[in-house]
Amino acid sequence: MFVQTREKVNNRSILFRKILGKVLPYLVAVLAAFAAVGLVIGLMGFNVLKAYETILFTSFRTPNGIVQTLLKFVPLMLQALAFTIPLSTGKFNIGGEGQMIVGGIGAAAVGILFADLPGYILLPLVFLAGILAGAIWGLIPAWLLYKFNINEILSTVLLNFVSFQLIDFIASEVWKDPVAGHPTTVPIGEGGWLPLLVDNPPLHSGIILALLVAVGIYIYTNRTTSGYEMVVTGANPRASKVFGIDVRKMFMLSLVIAGALAGLAGVIEVSGYQHRLIKDFQSNFLVLGLIIGLIAKGNNLAVPFVAFFIAILEVGASAMQRTMSIPVEMAYIVEALILLFVLLSDRVKIRRR
Amino acid sequence: MTDEPILVMKGIKKSFGTNAALQDVNFTLAVREIHGLLGGNGAGKTTLMNILFGLYRADSGEIILHGKRVDIHSPKDAIRLRIGMVHQQFLQIKSFSVLQNVVLGTSVKNKFRLNLAEEEKKVRELSARFGLDVDPQALIEDLPMGVRQKVEILKALYRGVEILILDEPTTNLTPQEVDGLFQSLRVMVKEGMSIVFITHKLREVLSVCDRISVLRNGNNVMTLKREESSEEAFVRGMVGEELDLQSSVVFSQGGLEESVQTVGQNIVLQLDQVQLLNEEGRSLIKGITFEIREGEIFGVAGVADNGQKELAEVILGIQPASSGCVRLYGNTITHKPTSDLLESGISYIPEDCLRDGFLPKASVAQNLILGFHKQKPYSRNGFMDLNAILNAARGLISDYNIKTQGPTDTGANLSGGNIQRVVVSRAFSHPCKLLVAHNPTRGLDIPSIDFVYSRLLQNKKNGMATLLISENLDELLLLCNRIAVMYRGEVVGVLDRAHLEKYEIGRMMSGVRTDA
């Protein structure tokens, strides 16, 4: 009884303090990272305040800025989740890049082969094929881990290289677009295009899918029995095994889900944005996804917010390069420093105990 | 005893985070005395002595040795001041010989050739003098726990300590070995040493100590000479006023016989020639055959690491038996997965709670449903019922007095005793047919131990079968209908309650078979 009444009274202030305690280190880390980069930009002889303004507000100044940010946000968030979900079981998926490429290949293959089918058939097929292809690319390391106990970090990284060759082969041999200078396939059928949400500037409806996925993942990990087993496996695999959870199956499942999510990111790029498969379309989303996942400390609920913030930085940084000719790499430095400072704040917290 | 004390600890305070472990504790050690430091778990006994040995720094207070104030920053300082400590967990290198372990960390004369003949002579001399019978050339890994403890004491003697601290030294000893240890301690005191004896077992301090100090919740309660005091006074000192001694199970004097003796008819668990091999094909347990009936508490005694954990894990299906058969109510369960067994009504309290039963990174509520998470009311159609989980967690937290901020608190914030409470309360939270409990009261304070015992007896009354594996012989003698003794993976013998005798069990624990 005593515990319960106290709990009620203090609930609000505890919640407030909890949130503050979680957000404060991030704020400090972001400020510190900006200060450090500002110093460098200043020493290079640029206008620091204008650089800050460009990097932070480009996304919100024009409709185009908002659309660009959202388009970046979708693959970033999916890649980050493809990293954090296996991480919640204690496994590291560094193969999001390959899974995204293979997902794109699956989508393009169906989109090109069945280009004449009507949209209501072709679009689901394109998505299904891409997600499945990504899931299979996640299943391979998962199965190797399950069967032979092969380290998933190695196998996921190495499968990335396989996928590079695969996309090169497809884009420059199988369905090569003869007019394009860069290895590119012919376009997929129009039925496989993701409908637009806004026509001008063009924003496809992938953003809605991505948000649905984020909500779905949150429900899965927090409200379902299987999600509980997954989280618990990461919290202590040995105890989970003792209490009847098939932990190796959970490792496998988490990697397959990750593959499917990264595959979805590939599908959305192909079906929503480029409408064809272009070599190197995966950009640097894997590395940024890892950074987002780590800044969010593996918390699936925090991933979308961090991903959105990083998308703002990415868009702002390319604007900064265009208008002020400050190298776009400055944004990477900011992102890396934020990660470092967030990790540092953990150490500070431990020290203070 | 001279009037001048060898050691005085004054006003010692120490807190870990917000948790005050010691609040202004005073401790005085006289020359040539065995001083018992008595208290339940979490009373602060070990913390106080860890401060003396330089493992922790006190927040405030002073240590006065031979009338002079000293600063002890590390165990190195402590050994220089001739203070030695034998911990509960031995710090030994298993692949080294006794002699190598003893001299390790000291500066031996000819250290490049490592000619240890002289050292060996010294060690042999010490073991003869103090009755610590150990072969200096034996490898540690070949030695039983009782002898390994002698090695640990020899290490301290070799370093020439005059104050020796023993932390729960009898935990892994047979009753015979305990007697031997006490004799050695007497010789040491006669030779001029002073000894601090940390324990939570009242009978031990009464049989060997000259003076006894009781700690409770980080406070001094009393310090008395043995002859001036009664058992009753110490019990009160240890548990405070909150525990009703009349209804207590821990301190009951044979009044339990009636409730313990009754046993049902149906066989719940049956093991038939169960064997478990490790990867190299060596058997970890073999030829295990026994059965447990409804309402029976079946004890397994033995020194740690003689196959008890493997026995539990075979029954739970965590490591399926290599040969033989395990039956639950007549159904073979030898190769069923753990999740099925948990669902069919087996509960488990693992020995190493932190490693095998606890999720430091998950919330307290998530911890409290582990193993039951697939069952109603926690899980419905694949979804978790968060309200049911939180309500159940709140209930267990208040029933078992788990000290936490609430069900959503992170597991890592809990102390050792509270982790044990979580794991124990979880096992009791669901009705079950068979409870496999391995050292269920380790790390608990006395009122909690009492609570666990009364739950065990209540479950027994309800017809549940219990396999109680314990290194605490008093616990087994108090509660069990029958006790099997394990030695090197085999059951040496099974004793009926009518024939339970401490020294007989002790002989069996060291591998001596009896015809009984």
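Visitor: What stands opposite Val86(B) in E7(B)?

Guide: Leu166(B) in E7(B) stands opposite Val86(B). This is a predicted model, in which local features need pLDDT of at least 70, side-chain atom pairs count only at pLDDT 80 or more, and totals for chains, interfaces and linings use all residues. Residues are numbered from 1 along each chain as its sequence is written, while chains are lettered from A and ligands numbered from 1 in the order in which they are written.

Visitor: What makes E6(B) and E7(B) a pair?

Guide: Strands pair if DSSP finds at least two bridges between them; E6(B) and E7(B) have four bridges, in the parallel sense. Strands here are DSSP runs of E with at least two residues, helices are runs of H or I with at least four, and both are numbered from the N terminus.

Visitor: Why is one side of strand E6 (83-86) of chain B left without a neighbour in the sheet?

Guide: The open sheet has the order E6-E7-E8-E3-E9-E10 (chain B). E6 stands at an edge with a single partner strand, so one side has no neighbour in the sheet, and strand E10 (219-225) of chain B is likewise at an edge.

Visitor: Which residues of H6(B) are called buried?

Guide: They are Glu177(B), Val178(B), Leu181(B), Leu185(B) and Met188(B); buried requires 20 or more other C-beta atoms, placed from the backbone, within 10 Å of the residue's own.

How values were computed: Buried ≥ 20, exposed ≤ 12 C-beta atoms within 10 Å, placed from the backbone.
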